[in-house]
Amino acid sequence: MLSVAAVPASRGLRAVAMSGFDDPGIYYSDSFGGDAAVDEGQVRKSQLQKRFKEFLRQYRVGTDRTGFTFKYRDELKRHYNLSQYWVEVEMEDLASFDEDLADYLYKQPAEHLHLLEEAAKEVADEVTRPRPSGDEALQDIQVMLRSDANAANIRSLKSDQMSHLVKIPGIVIAATPVRAKATKIAIQCRSCRNTISNIAVRPGLEGYALPRKCNTEQAGRPKCPLDPYFIMPDKCKCVDFQVLKLQESPDAVPHGEMPRHLQLYCDRYLCDKVVPGNRVTIMGIYSIKKSAQSKNRSRDNVGVGIRSAYIRVVGIQVDVEGSGHSFAGSVTPQEEEELRRLAAMPNIYETIAKSIAPSIYGSTDIKKAIACLLFGGSRKRLPDGLTRRGDINLLMLGDPGTAKSQLLKFVEKCSPIGVYTSGKGSSAAGLTASVIRDPSSRSFFMEGGAMVLADGGVVCIDEFDKMREDDRVAIHEAMEQQTISIAKAGITTTLNSRCSVLAAANSVFGRWDETKGEENIDFMPTILSRFDMIFIVKDEHNEERDMTLAKHVMSLHVSALTQTQAVEGEIELNKLKKLISFCRTKCGPRLSAAAAEKLKNRYILMRSGTRQHEQESDRRSSIPITVRQLEAIVRIAESLGKMKLQPFATEADVEEALRLFQVSTLDAAMSGSLSGAEGFTTQEDQEMLSRIEKQLKRRFAIGSQVSEHSIVQDFMRQKYPEHAIYKVLQLMMRRGEIQHRMQRKVLYRIK
């Protein structure tokens with residue numbers, strides 16, 4: 001952006017002579033040639049440049065015995081020959097070479113970085129000679145910096161950090177397209193055609209003010225008017241630049257505050273390094289630009305000294321690449337050894353289940369299922385390009401006061417990427433993606449919602465039953481296909497959302513009502529079949545259990561602060577987090593042949609409902625289980641193998657997966673709660689129910705009354721099971737065909 005504005009200080013000087021145009025101090029701190037009398041600043045600069053050059057040429061790693069390499073020389077040569085004109089310098093190397101140089105670079109980065117780039121250009125010139133014909137021209141080298149210093153956060157950037165080097169973590173939330181910015185411009189006078197070329201424009205988001213007067217004095221010519229210069233675009237040198245928007249990472253935001261934003265300016269090879277949604281750590285120069293001129297220029301120039309801040313990026317490190325790789329890069333060999341030892345323990349599965357929300361008593365099976373969800377199965381890509389999801393979805397239904405939300409909060413803490421939302425307060429666009437109009441450029445751009453931000457992690461949705469129906473439908477695609485497709489405002493696109501869903505919901509009546517069977521749930525079968533495991537958490541009255549629970553809660557309240565160290569046989573939170581992300585990146589087990597065979601046989605048993613299955617579960621058998629449920633068992637078995645860092649899921653894993661599935665979904669199906677949902681009632685049951693219904697309708701005409709007790713007795717005599725009769729009555733009541741009268745003793749038929 002080249003703004004034209006008056007430069008008050010330089011007007012008088014400008015008229016004197018053109019030769020002073022490049023004088024240091026009028027426009028630009030650097031001088032291009034300047035006067036004959038070289039001032040001491042210039043000398044100091046050339047000395048510093050020499051030191052930088054020495055550093056790039058002589059810095060070496062390794063010892064004399066093992067042989068050493070010249071780190072930056074080789075890197076410059078390699079990059080230059082690949083026509084990648086950049087080099088990355090570590091601040092620690094510079095500090096170990098010369099403490100003062102690093103200090104200068106920290107304190108006044110804007111001028112010294114330029115010197116470092118010039119030095120890099122000279123070194124590149126030396127190491128690449130002779131260059132092939134046609135490539136004799138020397139290219140500019142971009143120097144990127146990186147440092148192992150501790151990162152600050154956006155809130156700690158105050159005015160004393162201005163134009164210093166800062167290091168800041170955050171999430172990139174928006175990126176503009178790559179545009180061009182002039183670095184050297186040429187200008188020409190309108191009237192006398194006098195051109196001035198090679199005027200340097202400062203890097204960053206600053207403009208350049210054109211000179212007001214043309215000062216070529218020619219005899220017999222009228223003086224040139226004011227503001228005669230215009231820019232000659234074809235003689236300008238340009239570089240790419242891109243503006244990013246950085247938001248501080250969600251875990252650094254204090255409670256109840258809005259996350260802060262910051263503008264980033266990247267140029268040359270730093271463009272297109274990150275996409276929105278990446279977690280990054282930025283090294284950059286904290287600089288200022290003129291705040292945008294307000295439309296209505298008021299008479300009193302209030303905002304004359306006020307500038308808005310941005311960061312000129314000189315180095316980017318991307319923390320998370322793709323799904324859930326958050327710690328994988330930062331695991332040291334010692335830690336890796338320790339994690340592998342941990343995963344090789346024989347009872348690692350129980351240990352992990354114990355370490356999940358240790359302050360919550362009981363509900364072991366749910367914790368085991370949550371452990372499986374955190375580790376996840378393996379994602380498969382089929383040859384025809386389709387993918388099968390590897391993430392496990394889990395639904396907890398149940399009474400209030402059974403610590404569902406606490407489990408959800410814990411999972412959000414210990415999964416590598418966790419997002420917690422509540423059902424009533426989240427809309428379909430907030431969960432999936434929204435299209436927003438950018439105020440400055442008037443174009444549309446997309447912002448991902450919770451499911452996109454949690455790509456590679458877990459989304460916890462509390463109060464799942466309170467969500468509006470049309471918002472719940474938005475999650476369907478994200479849960480099974482793991483993508484989110486959008487067609488709004490001229491943007492048609494598909495986003496990845498490879499995340500697990502952990503949902504908690506209450507029953508319709510607030511508490512679970514045993515007598516009402518499947519009326520407790522008002523979910524559609526479509527959404528229920530997408531959950532791999534469905535747990536029904538009941539608050540049962542049992543004196544022993546109540547006693548232990550009360551003791552547990554009391555001990556928590558008494559020793560809340562004193563008990564800091566973890567109990568024996570538990571993994572503390574940070575190590576668990578590391579273990580989870582390590583396993584997720586390093587391991588993607590498959591079913592072994594024997595386990596697959598076993599699962600196949602068990603699946604056929606489950607479908608056909610043989611006597612053996614009845615003996616195992618002592619109940620009416622043949623709960624059909626859809627293919628989705630079969631895949632669910634495969635995923636659970638794979639996640640059990642992943643905990644142990646094994647390449648294959650064994651038969652024991654399949655056993656345990658079947659057991660988990662048995663205690664969750666099958667029990668939920670048995671409790672009459674899900675029957676009627678897709679594939680949860682058998683063919684015979686369906687026929688029996690319709691037979692009972694036909695007989696009932698024959699028994700009493702529309703408008704007549706019959707006592708409920710006598711009907712039930714009647715059908716029981718005909719060898720129909722009692723629960724089936726009650727179920728039919730409930731179904732008819734739901735459809736509004738019959739009604740209770742007189743303290744629910746008498747049935748009255750309406751239609």
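**Reading a predicted model, feature by feature**

Modeller: Let's begin with the rings: a search of the whole structure finds seven aromatic pairs. Keep in mind as we go that this is a predicted model.

Colleague: Fine. How are the rings of phenylalanine 68 and phenylalanine 70 arranged?

Modeller: The idea is to check the distance between ring centres and then the angle between planes, where over 60 degrees counts as edge-to-face. For phenylalanine 68 and phenylalanine 70 the centres are 6.0 Å apart and the planes meet at 85°, so this pair is edge-to-face.

Colleague: Is phenylalanine 68 buried or exposed, or something in between?

Modeller: Buried means under 20% relative accessible area and exposed means over 50%. Phenylalanine 68 has 32%, so it is partly exposed. Phenylalanine 70, with 24%, is partly exposed too.

Colleague: What sits over the ring of phenylalanine 68?

Modeller: The charged end of arginine 60, 4.2 Å from the ring centre. Elsewhere, lysine 273 lies over the face of tryptophan 86, with 6.0 Å to the ring centre.

Colleague: Which residues form an aromatic cluster?

Modeller: One such cluster is made of Phe55, Tyr59, Tyr72 and Phe97. Tyr59 turns up again in a core, so let's go there next.

Colleague: Okay, cores. Which residues touch the most other members of the largest nonpolar core?

Modeller: First the general idea: in soluble globular proteins, nonpolar side chains tend to be buried together. Here the largest nonpolar core has 54 residues, and Ile352, Ile356, Leu394, Met396, Leu502 and Leu579 touch the most other members. Helix α9, residues 364-375, gives the most to this core, with eight residues. Apart from it lies another core of 31 residues, and Tyr59, Ala124, Leu145 and Val314 are among them.

Colleague: And what is isoleucine 352 in contact with?

Modeller: Skip its neighbours within four places in sequence, and you find Ala371, Phe375, Ile571, Leu576, Leu579 and Met643. For the chain as a whole, take the contacts between residues at least 6 apart in sequence: 71% of them join residues at least 24 apart.

Colleague: How much of the chain is buried?

Modeller: Buried residues make up 44% of the 751 residues. The accessible surface comes to about 39,200 Å², and 52% of that belongs to carbon and sulfur atoms.

Colleague: Now the strands. How many are there?

Modeller: The chain has 28 strands, along with 23 helices. To read a strand, look for its partners and their direction. Take β6, residues 179-189: it pairs with β9 (residues 237-247) in the antiparallel sense over five bridges, and lysine 184 stands opposite lysine 237 there.

Colleague: Which other strands does β6 pair with?

Modeller: Four bridges join β6 to β7 (residues 195-200), running antiparallel, with isoleucine 185 opposite isoleucine 199. β6 also pairs antiparallel with β8 (residues 229-231) over three bridges, where isoleucine 187 has isoleucine 231 as its bridge partner.

Colleague: What about the hairpin of β6 and β7?

Modeller: That hairpin has five residues between the strands, and arginine 193 takes a positive phi near 60°. Arginine 193 is also among the contacts of glutamine 188, as are Asn194, Tyr229 and Phe230. Glutamine 188 lies in β6 and, at 13% relative accessibility, counts as buried.

Note on methods
Residues numbered from 1 in each chain as written. Predicted model: local features only at pLDDT ≥ 70, side-chain atom pairs only at ≥ 80, totals over all residues. Heavy atoms only, no water. Helix = DSSP H or I, 4+ residues; strand = E, 2+ residues; numbered from the N terminus. Buried < 20%, exposed > 50% of the residue type's maximum accessible area, 1.4 Å probe, protein only. Contact = heavy atoms within 4.5 Å. Areas by Shrake-Rupley, 256 points an atom, 1.4 Å probe, with all protein chains shown as cover. Phe/Tyr/Trp six-rings, centres within 6.5 Å; stacked < 30°, edge-to-face > 60°. Lys NZ or Arg CZ within 6 Å of the ring centre and 35° of its normal. Core = buried A, V, L, I, M, F, W, Y, C linked by side-chain atoms within 4.5 Å. Pairing = 2+ DSSP bridges.
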